[in-house]
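Here's a quick briefing to read with the structure open.

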Amino acid sequence: MRTALFLLLAAMIPGQALAANQVALDNNVFVERVTTDAQGKQKILLEEPKVVVPGDRLVFVLSYRNAGAQPADKFVITNPMPSAVQFADAGDTRPLVSVDGGKQWGLLSDLSIPMNDGARRAAQPADVTHVRWAFAKPIPVGGAGKLMFRGVVK
Amino acid sequence: MTSKLTYMGVIGLTALSSVAATPAFAAGTTAGTTITNTATVDYQVGGVAQAQQQAANNFVVDRKINLLVEEVGTVTTNVVPGQTNAVTTFQLTNTSNETLDFALVASQITGGTAAHGGTDAFNVNNIRIYRDNTVTGTVGSWDAGDTLITAYVDELVVDTAIRLFVVADIPTTLAVPAVVNGAVAGVTLRATAREGGLAGTQGAAITETTGANTAGKDTVFADIAGVAGDVARDGSHSDNDDYTVQTATLAVTKSSRVISDPFNNTTNPKLIPGAVVEYCIAVANTGGAAATSVLITDPVPGQLTFSAGTILLGGTVTGGVCDFNGTAGGSYAAPNVSGTIASIAAGAASTLVFRATVN
């Protein structure tokens, strides 16, 4: 619905503000493999998701870039969790998350889940249904960055 | 101090992330499932909302072959020599992310330490595998309604555990090597994953995808090592169980005492003609199982005359010494005194006592 509305708006408003593909977004996934060498040191490798089995840890990397000629404002990246992937963490990117299918948003530590008896419990990473990053400042022309979050194949 | 606190914080985070690194997904997402992750960007330029941008990626969940064979109960099965249909219990769990067939083989350990201690000393006969019927009969225990498995378990769905029985006959005491009290026979149940998908037919052997991986559904063995010789990641798993013979081992001892003679009566009696002698036949069971219907027969020597009505059965032994007690019973058919003791428990002893007169 939201998508449709934006597309509709975009279609209705002609002019310079509507530059096609002003923002480039790239979405990559890697499998995180931890290997321990002979000295007992742990090494983390990110591999292409060729061999993926339940329990594997995934790293999703979202790369964005403002390829347009004007700053991009109210910049929001939304990523619903695939149903077969359980959210684990988002490193230090501090995203807003939703644990109710995208209705309410907040930091994971601020959200709670209603239980059968009417009480609420603190939301856990496994409860996350959507991840969202909302940028307070406009992305300048040519500005780029990466966001990441981890998940586990259910 | 600050650096120490920071250090603690880092350790705390590491511990948390390592906990998160091993979540418990038993079988998980079905093999072949495509996982698509889509991210969208909403933004404005000059205060005007722009077309939403999307970026997606796909990958296919590969096939993880994992299974668990576990002995149920962690106790040995006590058997007696000659017992038929002695049962050991196992559980097979399909923790793969696909429905599979499982080839089953029950084999015997030859020598070595059995699952519950002791050294494997003999082999059982007529070894069979049954699958528990969870609808009728005694669910969880072997009974006639369970299904005899000839080669494999058909189409075991994801995350399902089934109970299997390895059933065998125990050789008699005449067998070589001897089936003595405490002798152990170890058995192994090994399951090997086979391709599923076709009910009623054992699927083909499964091989792990080696070399270059494909973008499609690959196969990864994830099983742990089983018994000796069953390594990790070979598509099969196994466990041991064992039978321990519990039989009665009887030892007979005979003792006597002089009760009276015609001159001293019961005061310091001597073994002269006319003296009354009391005999005690003690049977001790040093085995691991009760002995039942123990028949004791003792011929009275020709120099003695049996005193009718003096037979006592089921008396006790204290410190290896007969107590010369019991309840009346038994019978006499010249020259034999005999009596049957219903049961002598493992580690217990019982007696037959009678009196006779010196001729």
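A residue is called buried when its relative accessible area is under 20%, exposed when that value is over 50%, and partly exposed in between. Glu32(A) has a relative accessibility of 12%, so it counts as buried. Bear in mind that this is a predicted model.

**Chain B in outline**

- Chain B has one helix and 26 strands.
- Its length is 359 residues, and 41% of them count as buried.
- Take the contacts in chain B between residues at least 6 apart in sequence: 73% of these join residues at least 24 apart.
- Chain B has an accessible surface of about 17100 Å², with 57% of that belonging to carbon and sulfur atoms.

**Nonpolar cores**

- As background, nonpolar side chains in soluble globular proteins tend to be buried together.
- The largest nonpolar core here has 37 residues, and the members touching the most others are Leu58(A), Phe75(A) and Ile77(A).
- The element that gives the most is β1(B), with five residues.
- Another core of 33 residues lies apart from that one, and Leu67(B), Leu100(B), Ala168(B) and Val245(B) are among its members.
- Back to Leu58(A): setting aside neighbours within four places in sequence, its contacts include Val29(A), Val52(A), Val85(A), Phe149(A) and Arg150(A), plus Phe59(B) from the other chain.

**Salt bridges**

- Over all chains, the whole structure has 17 salt bridges.
- One of them pairs the side chains of Arg150(A) and Glu32(A), at 2.9 Å from N to O.
- Arg150(A) sits in strand β10 of chain A and Glu32(A) in strand β1 of chain A, so this bridge ties together parts 118 residues apart in sequence.
- Asp56(A) bridges to Arg33(A), with the closest N and O atoms 3.5 Å apart.
- Asp56(A) is in the loop between β2 (42–47) and β3 of chain A, whereas Arg33(A) is in strand β1 of chain A, so the pair ties together parts 23 residues apart in sequence.
- Asp56(A) is buried at 12% relative accessibility, and Arg33(A) is partly exposed at 22%.
- In chain B, Arg355(B) and Glu278(B) form a salt bridge whose closest N and O atoms are 3.0 Å apart.
- That pair links distant parts of the chain, 77 residues apart: Arg355(B) is in strand β26 (residues 349–358) and Glu278(B) in strand β17 (residues 276–285).
- Glu278(B) is buried at 3% relative accessibility, but Arg355(B) is partly exposed at 29%.
- There's also a network: salt bridges with shared partners join Glu32(A), Arg57(A), Asp89(A) and Arg150(A).

- Which residues make the nonpolar surface patch of about 280 Å²? They are Val34(A), Ile44(A) and Leu46(A).
- Val34(A) belongs to strand β1 (residues 23–36) of chain A.
- With a relative accessible area of 47%, Val34(A) is partly exposed.

Terms used. Residues are numbered from 1 along each chain as its sequence is written. Chains are lettered from A and ligands numbered from 1 in the order in which they are written. This is a predicted model: local features need pLDDT of at least 70, side-chain atom pairs count only at pLDDT 80 or more; totals for chains, interfaces and linings use all residues. Side-chain values use heavy atoms; hydrogens and water are left out. Patches are made of residues with over 30% relative accessible area and no salt bridge: like charges are joined within 9 Å, nonpolar side chains (Val, Leu, Ile, Met, Phe, Trp, Tyr) within 5 Å. Accessible areas come from the Shrake-Rupley method with a 1.4 Å probe; for residues, only the protein chains shown count as cover. A salt bridge is a side-chain nitrogen of Lys or Arg within 4 Å of a carboxyl oxygen of Asp or Glu. Helices (H or I, at least four residues) and strands (E, at least two) are DSSP runs, numbered from the N terminus. Buried means under 20% relative accessible area, exposed over 50%, partly exposed in between (1.4 Å probe, protein chains only). Contact means heavy atoms within 4.5 Å. A nonpolar core is a set of buried Ala, Val, Leu, Ile, Met, Phe, Trp, Tyr and Cys residues joined through side-chain atoms within 4.5 Å.
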